[in-house]
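Have the sequence and the 3D view open as you read.

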Amino acid sequence: MFKFKKKDSEFFDLFVDSANYFYKGALMMDEVMLDYSRAADKVKEITDLEHEADRINDAIIDKLNLTFITPIDREDIYALANGLDDGVDYLQGTLQRIVMYRTGKAMSGAVTLTKLLIEATEEIIRAFSLLKDIRKNQAQILEATHKIAQLESEGDRVYRHEVAYLFDKEKDPIELIKWKDILEKLEDTLDHCEKLSDMIRGVVMKYA
């Protein structure tokens with residue numbers, strides 16, 4: 001009697017839009033890691049990006065409030081939407097610190113963590129793109145979430161190595177504090193990617 005397919009698609013399309021903003025933020029971070037002179041400009045760009053991500057999140061929540069029957073549980077839609085939006089916030093905060101601390105050229109571990117973030121956000125886009133048909137795409141979705149977990153684990157290893165290097169080699173305590181904080185924020189963002197993937201895995205377990 002009723003057709004909900006269009007509404008279902010709209011929710012999932014908005015998720016993918018939001019995931020793309022997270023990915024674009026990771027690309028901006030990578031540009032700054034490779035060329036510090038672009039940091040101030042990228043902070044302005046990621047602020048605009050964060051506003052666009054907020055707009056998408058608001059659209060999801062508004063649609064949620066107006067939709068009687070949702071394709072997945074309402075609390076899952078709400079958690080996934082906010083989780084995606086928070087990812088951009090993490091990146092914005094890290095870029096703001098890079099400018100505030102006047103870090104200069106990035107240490108190699110920060111560059112590596114940013115590359116891992118790009119890969120993780122690519123997998124997040126992939127997972128959300130497949131959610132429209134959970135049963136059909138179950139294996140591929142879980143493959144993407146497994147890859148995110150692997151990337152986060154590699155991020156942990158890089159983070160531990162780089163912090164140990166800082167305490168062993170960095171003689172300037174101010175530089176040590178700056179980079180330890182930046183590394184922590186990057187690693188926290190990777191942790192957040194894994195939390196998002198865990199949420200996606202939970203949705204798959206419910207509906208596959």
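Arg102 sits in the loop between α3 and α4 (108-130); helices here are DSSP runs (H or I, at least four residues), numbered from the N terminus. Arg102 has a positive phi of about 50°, although it is not a glycine. For comparison, most residues other than glycine have a negative phi. With a relative accessible area of 65%, Arg102 is exposed (that label needs over 50%, using a 1.4 Å probe and protein chains only).

A quick word on the source: this is a predicted model, where local features need pLDDT of at least 70 and side-chain atom pairs count only at pLDDT 80 or more, while totals for chains, interfaces and linings use all residues. Residues are numbered from 1 along each chain as its sequence is written, and side-chain values use heavy atoms, leaving out hydrogens and water.

Now for the helix pair. The axes of α2 (residues 39-66) and α3 (residues 74-101) come within 9 Å and cross at roughly 170°. α2 and α3 are therefore roughly antiparallel to each other (angles over 145 degrees count as that).

Finally, UniProt places a "coiled-coil region" at residues 134-196, in an unreviewed entry. That span is 95% helix and 0% strand, and its end C-alpha atoms lie 16 Å apart.

Key:
UniProt positions renumbered as here; feature names shortened; annotations may be inferred. Helix = DSSP H or I, 4+ residues; strand = E, 2+ residues; numbered from the N terminus. Axes fitted to C-alpha atoms, helices over the stretch in contact; angles between N-to-C directions. Parallel < 35°, antiparallel > 145°, perpendicular 65-115°, else oblique. Buried < 20%, exposed > 50% of the residue type's maximum accessible area, 1.4 Å probe, protein only.
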